[in-house]
Amino acid sequence: MSAHLLSVDNLSRDYVDHLFHVARRMEPIAQRQKITRVLEGAVLGNLFFEASTRTRMSFHSAFSRLGGSVCDTTGFTFSSMAKGESLYDTSRVISGYVDAIVMRHPDLGSVAEFAAATHVPVINGGDGPGEHPSQALLDLYTINKEFERIGKALPGAHLLLTGDLKYGRTVHSLLKLLALYPPMQITLVSPPGLEMPFELIDRAENAGHRVQQRDTLQADYSDVDVVYATRIQKERFTQEMVEGFSLSSDFSVDRAFLDQRCSTHTIAMHPLPRDSRPGANDLNVDLNGDPRLAIFRQTDNGIPVRMAIFATLMGVEDTFDRGLRDVGWKPPHQVGVDDALLTSGPHGQKG
Ligand code: NCD
């Protein structure tokens, strides 16, 4: 792969396999059992010119757990870009300060333009409605781990992607990433006007996947292995679109949907944040505590995957686990209050 991570377009199957292998080796560090200082002395520039909580913190945490330190900036209004500075100038200036850069920006293609002006590795943390490659990688890593736990395999699986497939950059990157894998069935369900861009469907079909487009969740999805729900990206709508739009409750992925339309082994995923306000009809909070809800395992997996991304970009993937130390504090036994359900509930296989 190139020195940057800008788009899934630049990834090979070999690189992804290698990255996931490195991520597995990162898990004891991500899970607070071991400590490495392999990136000691390195500084990350975490530049978020668009709203973010988890992606920004997840990159920050991943770099810190490798022993590096982080400079953060958030928001457009307080940046020099608001004074008219070009991406080229910002890129060159920041490159003199830091050793790796994560950037999120509201404009499609902006992160690539920024990366073209530097030799410091740049990771696309989301460029408008374009791509979000690290999210797709952690999503696929999660699917693999969930499948391993419940005894399923990726080839031939049935994945349902729903919500705002037009502006949702995570599903764009995920669909591209799936094109590197053996044929699967992919069902795309979106409200009218928010369909997956045609060229991405075309690419998935050319890769051998069976892609079906629908406009309703009110159907039989009992053979679906993964439901991947996404938030309606209203911040990318025009004013007329916002005024004319409301998402029908028929699109809500909730407990009734999983119980009645899917199966006891269907996994529910979401890149988060989910819109939990009444009437939003996003992934429903009534699934909290249900072991099929994989969203927090997904966010947890973001740490080892992002650590692996830094390690491969910065050339420490072979050396980071030499001389690992035990943590010197007492980490929590489980991170979330419902985490125990995974191992003791009817859907887990570990006893
Ligand atoms: C997503 C994003 O920003 O694209 N969030 C994330 O990074 N996990 C999804 C969203 O905002 O809906």
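Does leucine 11 count as buried or exposed, and at what relative accessibility? At 6% relative accessibility, leucine 11 counts as buried, because the cut-off for that label is under 20%. The views below all come from a predicted model.

**View 1. Leucine 11, ahead of the opening helix.** Here we're looking at the segment before α1 (13-30), which is where leucine 11 lies.

**View 2. The open sheet, strand by strand.** Four strands make up this open sheet, and they line up in the order β3-β2-β4-β5 with parallel pairing. β3 (69-74) and β5 are the edge strands, each pairing on one side only. Going from one strand to the next, the twist averages 10 degrees.

**View 3. β2 and its two neighbours.** Strand β2 (residues 43-48) is mostly covered, with 6 of its 6 residues buried. Val43, Gly45 and Leu47 point one way from the strand, while Leu44, Asn46 and Phe48 point the other way, and all of them are buried. On the β3 side, the pairing is parallel and runs over 6 bridges, with valine 43 standing opposite serine 69. On the β4 side, 5 bridges join the two strands, again in parallel.

**View 4. From β2 to β3 by way of α2.** β2, helix α2 (residues 54-65) and β3 make up the unit, and it is right-handed. The strands at its two ends are the ones that pair over 6 bridges in the parallel sense.

**View 5. β4 and its link to β5.** Strand β4 (residues 100-105) is mostly covered: 6 of its 6 residues are buried. Ala100, Val102 and Arg104 head one way from the strand, with Ile101, Met103 and His105 going the other way, and every one of these is buried. β4 pairs with strand β5 (residues 122-127) in the parallel sense over 4 bridges. Look for methionine 103, whose bridge partner in β5 is asparagine 124, and for histidine 105, whose partner there is aspartate 127. To get from β4 to β5 the chain crosses through helix α4 (residues 110-115), and this β-α-β crossover is right-handed.

**View 6. α6 against α7.** Now for a pair of helices. Helix α6 (residues 169-178) and helix α7 (residues 198-206) pack with their axes 9 Å apart, at an angle of about 20 degrees. That makes α6 roughly parallel to α7, since angles under 35 degrees count that way. α6 passes α7 in a left-handed crossing. At the contact, His172, Leu175 and Lys176 of α6 meet Leu200, Ile201, Arg203 and Ala204 of α7.

**View 7. α2 against α10.** Back to α2, this time with helix α10 (residues 295-313). The two axes lie 8 Å apart and the helices pack at an angle of about 55 degrees, which makes α2 oblique to α10. α2 passes α10 in a right-handed crossing. From α2, the contact is made by Arg54, Thr55, Ser58, Phe59, Ser61, Ala62, Phe63 and Arg65. From α10, it takes in Thr299, Gly302, Ile303, Arg306, Met307 and Phe310.

**View 8. α1 against α10.** How do α1 and α10 lie relative to each other? Their axes come within 7 Å and cross at roughly 120 degrees, and α1 and α10 are therefore oblique to each other. The crossing is right-handed. On the α1 side, the contact residues are Tyr15, His18, Leu19, Val22, Ala23, Met26, Glu27, Ile29 and Ala30. On the α10 side, they meet Asn301, Ile303, Pro304, Val305, Met307, Ala308, Ile309, Ala311 and Thr312. Ile303 and Met307 of α10 also turn up in the contact with α2.

Key. Residues numbered from 1 in each chain as written. Predicted model: local features only at pLDDT ≥ 70, side-chain atom pairs only at ≥ 80, totals over all residues. Heavy atoms only, no water. Buried < 20%, exposed > 50% of the residue type's maximum accessible area, 1.4 Å probe, protein only. Pairing = 2+ DSSP bridges. Right-handed = clockwise from strand over helix to strand, strands pointing away. Axes fitted to C-alpha atoms, helices over the stretch in contact; angles between N-to-C directions. Parallel < 35°, antiparallel > 145°, perpendicular 65-115°, else oblique. Left-handed = near helix turned anticlockwise from the far one by under 90°. Contact = heavy atoms within 4.5 Å.
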